[in-house]
Amino acid sequence: MTDQIREQVSALLDGELPRDEIGLLVRRMERDPDLRGSFGRYSLIGETLRAPGGRTAHPSFAARVSAAIDAPGEAAAAQDVPAIAASHAFWKRPAFATAVAASFALLAVILVRPFASEDAAIVVANTAATLTVSPLAGAISPTPAQSQRLAGYLVAHSQFSSPMARRSVWSGLLAADPGLQRASYEIQEAP
Amino acid sequence: MKPHEPVDDETRPSAGVEQSDLELVKRAQRGERGAFDLLVLRYQHKVVKLVARLLRDPAEAEDVAQEAFVKAYRALGSFRGDSAFYTWLYRIAVNTARNSIASRQRRPLDYEADLSENEQSAVESRMRHTDTPEANVLSEEIHRTVNRAVEELPEDLRTAIILREVEGLSYEEIAQAMDCPVGTVRSRIFRAREAIDRNLKPLLD
């Protein structure tokens with residue numbers, strides 16, 4: 001290791017190394033533990049001069065961090081990281097998505113029930129519980145306004161449910177209301 | 001503790017260091033692991049010191065600081081450079097320390113009631129040991145060694161390293177203050193570090 005390279009290491013620590021020299025030096029340091037050692041000790045010298053007293057990291061600290069990063073299954077807790085995506089995590093939880101899908105399925109049953117015979121309502125209720133919907137035999141077709149409302153619920157449902165649950169609810173409601181065909185087709189074609 | 005304590009101005013890196021950090025972050029984001037290792041080496045002492053102050057438990061400080069660095073690495077993709085890297089890292093370290101404190105407060109303490117007298121004595125002995133860990137002794141020795149080595153430096157090297165490390169001046173500013181070329185400043189700072197390092201290295205090996 002030449003003095004010239006260690007002088008570059010010193011300048012890198014100070015943020016004074018020309019940008020076009022950084023890449024080569026970083027790659028060299030990745031291969032050379034002595035250079036990394038110098039960088040760490042230069043940093044320690046500065047920290048000691050700037051803020052005497054207090055705790056300093058153990059000489060093996062950086063190596064332990066490196067090993068922890070490489071350890072399989074090591075995961076960071078999102079709430080400690082100032083990232084913007086963390087607030088969306090709640091909506092991605094499978095249990096939440098399943099609960100919302102089940103709620104919409106139940107809502108669909110309640111809406112359809114006044115138009116269906118008692119037997120058909122039982123079929124729908126069983127279908128919602130098992131997420132395997134069968135056509136509503138004997139159901140009376142809803143009015144255009146009711147079809148529009150059902151289409152709205154379908155759109156909302158499609159945002160939260162799994163593909164299998166979505167397909168099941170669609171197939172059940174489409175069998176009950178041919179007027180929903182166009183709306184459901186558009187939803188299915190959407191990305 | 002406040003949710004986000006302000007970064008201490010005295011420990012805030014200079015503009016040149018911030019730029020250098022950003023370059024290392026970009027490289028780490030592209031998968032150059034060595035670049036992140038250098039960021040750890042640069043900030044390990046700052047972060048450990050910060051966390052130790054927040055936790056008031058030196059024994060736990062390194063574990064929490066390590067956790068903070070691992071979280072920073074995992075979240076590096078979300079770092080956009082809107083703030084300095086150290087400011088971002090500082091916030092992660094503070095949040096990690098807060099979580100550690102909260103977790104410790106939730107930890108049940110009634111196990112002590114089940115300890116026999118001998119076991120209780122052993123626990124207290126271990127606690128006394130962690131109150132004065134080897135690391136604290138090492139920190140004091142490092143402090144003494146570095147300061148002694150700085151005092152022994154030739155005046156031009158001592159002035160250069162103090163202006164850089166304590167006053168935080170750039171090479172350009174030091175060159176103006178010492179009336180010499182920037183290249184000479186760079187060389188003097190390097191030689192000062194090397195001279196101090198010759199005393200420091202045996203302590204850490």
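Of the 191 residues of chain A, 35% count as buried, where buried means that 20 or more other C-beta atoms, placed from the backbone, lie within 10 Å of the residue's own. The model is predicted: local features need pLDDT of at least 70 and side-chain atom pairs pLDDT 80 or more, while totals for chains, interfaces and linings use all residues. Residues are numbered from 1 along each chain as its sequence is written, with chains lettered from A in the order in which they are written.

**Fold of chain A**

- Chain A has 9 helices and 0 strands; helices (H or I, at least four residues) and strands (E, at least two) are DSSP runs, numbered from the N terminus.
- Of the contacts in chain A with a separation of 6 or more, 56% join residues 24 or more positions apart; a contact means C-beta atoms, placed from the backbone, within 7 Å.

**Where chain A meets chain B**

- Contacts between the chains involve 54 residues of chain A and 60 residues of chain B.
- On the side of chain A that touches chain B, two or more residues come from each of helix H1 (3-13), helix H2 (19-31), helix H3 (33-50) and helix H4 (61-70).
- H3(A) gives the most to that side, with 14 residues.

**The largest nonpolar core**

- This core, a set of buried Ala, Val, Leu, Ile, Met, Phe, Trp, Tyr and Cys residues joined through C-beta atoms within 7 Å, has 65 residues.
- Helix H2 (residues 33-55) of chain B supplies the largest share, 12 residues.
- Ala93(B) is among the residues with the most contacts inside the core.
- Leaving aside residues up to four places away in sequence, Ala93(B) touches Val47(B), Leu50(B), Val51(B), Ala65(B) and Ala68(B).

Key:
Two residues are in contact if their C-beta atoms, placed from the backbone, lie within 7 Å. A residue is buried if 20 or more other C-beta atoms lie within 10 Å of its own, exposed if 12 or fewer, and partly exposed in between; C-beta atoms are placed from the backbone.
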